[in-house]
Amino acid sequence: MSLISPNFPRAAAGLRRESVSVVSLQKQGRHFGLRRAATIELPAGVLQPDFFEENIVVPNEVLGALQEAAQSAGLIGQKKWSVSLPADTAQIAILTLETAPKTKAEAAEVLNWKAERSFGAKPEEMRLAFQPLIPDANRRVRYFAVAIKLDILAEYEDLFNTLGWQVGLVLPRQISESNWLKLARNAKNKSDALMVSSQADGFTAILMRQSQPVIVRSVVCTEDEREDEFYRLLLFYRDRFNAENIGSEINLKDILLVGDGFQPARVQEIAAETLGYNLQILGSNEVGLSLPSEIRFEDVAAPAGLASLAWR
């Protein structure tokens, strides 16, 4: 057991605009399975995920849904949880520094300045997390940044305190879901992988290379605009990595689709047009999560991704 890595619980909850879900995982050989799970739909307008504005419009409704989900799943006595928050509640970005900081204090100052410019809020108003990444083709220092406003986070913390939950890890939905890409790959797998997670107002895309994000996009668009935006995303990937000659060639092989915003057949067609070949479409089974037929991957992908950390 590591003294610097926390022990994560095997139970997690996930909140979305449309629903709340709770899961408890078990290991089944090389795969994970649901030991317990439940999803409760939320009435429209009860939860309005947003980076700047109030999220929990009707707290008693969200509280009741979480209690009902825990009760239905047989997890009402569970006290230790990890929680994934709605995607729009947080913002993510890759921050590139033109010169390498000489001290930790200088790095903190530059990163806070970059975060303020990227996220539109003062550093003291946000909970910020920075993960160092491998340098880019020009050897510039890069960080993966996650931000949530403190007043928004407090809304959710008040909810969890009312439930009596001890929440040790809170991550936005898109980061929680991207854990499945890491689980599905190993050190010998050098190809790129893309996760596209659909939301009501668009989608989030995270492209992974050697288990690190190299492209992050949060796209706000209508349903009719999704395919065009996905086409532009693949064009950006193709042109950028051709220009930078990273890894010597375009190397995107796998795509994980979460949600029903994209049809796999159309994704294949767009990939063939932009990249010149088909992508392998990953489902829950391909990334290591075995689900019964009545459970939708999009409902449990985020909380189950967090619960899987208990085995790392």
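**Ground rules**

I am working with a predicted model, where local features need pLDDT of at least 70, side-chain atom pairs count only at pLDDT 80 or more, and totals for chains, interfaces and linings use all residues. I number residues from 1 along each chain as its sequence is written, and the side-chain values use heavy atoms, with hydrogens and water left out.

**Three-stranded sheet**

I started with an open sheet of three strands, in the order β5-β7-β6 and with antiparallel pairing. For my own reference, helices (H or I, at least four residues) and strands (E, at least two) are DSSP runs, numbered from the N terminus. Two strands pair if DSSP finds at least two bridges between them.

Which strands stand at the edges? They are β5 (91-97) and β6 (126-133); each has a single partner strand, so one side of each lacks a neighbour in the sheet. On average, neighbouring strands here are turned by 25° against each other, direction ignored. I took the angle rule as follows: axes are lines fitted to C-alpha atoms, for helices over the stretch in contact, and angles run from 0 to 180 degrees between N-to-C directions.

Next I checked the pairing of β6 with β7 (residues 141-149), which is antiparallel over eight bridges. Phe130 has Ala145 of β7 opposite. Helix α3 (residues 150-163) packs on this sheet and touches β6 and β7, its direction making about 60° with that of β7. Contact means heavy atoms within 4.5 Å.

**Five-stranded sheet**

I then moved to an open sheet of five strands, ordered β11-β10-β9-β12-β13, and found mixed pairing. Its edge strands are β11 (212-220) and β13 (280-282), each pairing on one side only. The twist from one strand to the next averages 20°.

How do β12 and β13 run, parallel or antiparallel? Strand β12 (residues 252-258) is parallel to β13, with three bridges joining them. Asp254 has Gln280 in β13 as its bridge partner. I also saw helix α4 (residues 173-183) lying across β9 (192-199), β10 (202-209), β12 and β13, at about 145° to β9.

**Salt bridges**

I used the rule of a Lys or Arg side-chain nitrogen within 4 Å of a carboxyl oxygen of Asp or Glu, and the count comes to 15 salt bridges. For exposure, buried means under 20% relative accessible area, exposed over 50%, and partly exposed in between (1.4 Å probe, protein chains only).

Arg16 is buried at 10% relative accessible area, whereas Glu18 is partly exposed at 33%. I noted that both belong to a network of salt bridges linking Arg16, Glu18, Arg296, Glu298 and Asp299.

I looked at two pairs within helices as well. In helix α5 (residues 226-244), Arg232 and Glu229 lie three residues apart, about one turn of the helix, and their side chains meet at 3.2 Å, N to O. Arg232 is partly exposed at 48%, and Glu229 is also partly exposed, at 23%.

In helix α6 (residues 264-275), Glu269 and Arg266 are three residues apart and so separated by about one helical turn. Their salt bridge has an N to O distance of 2.3 Å. Both count as partly exposed, Glu269 at 44% and Arg266 at 31%.
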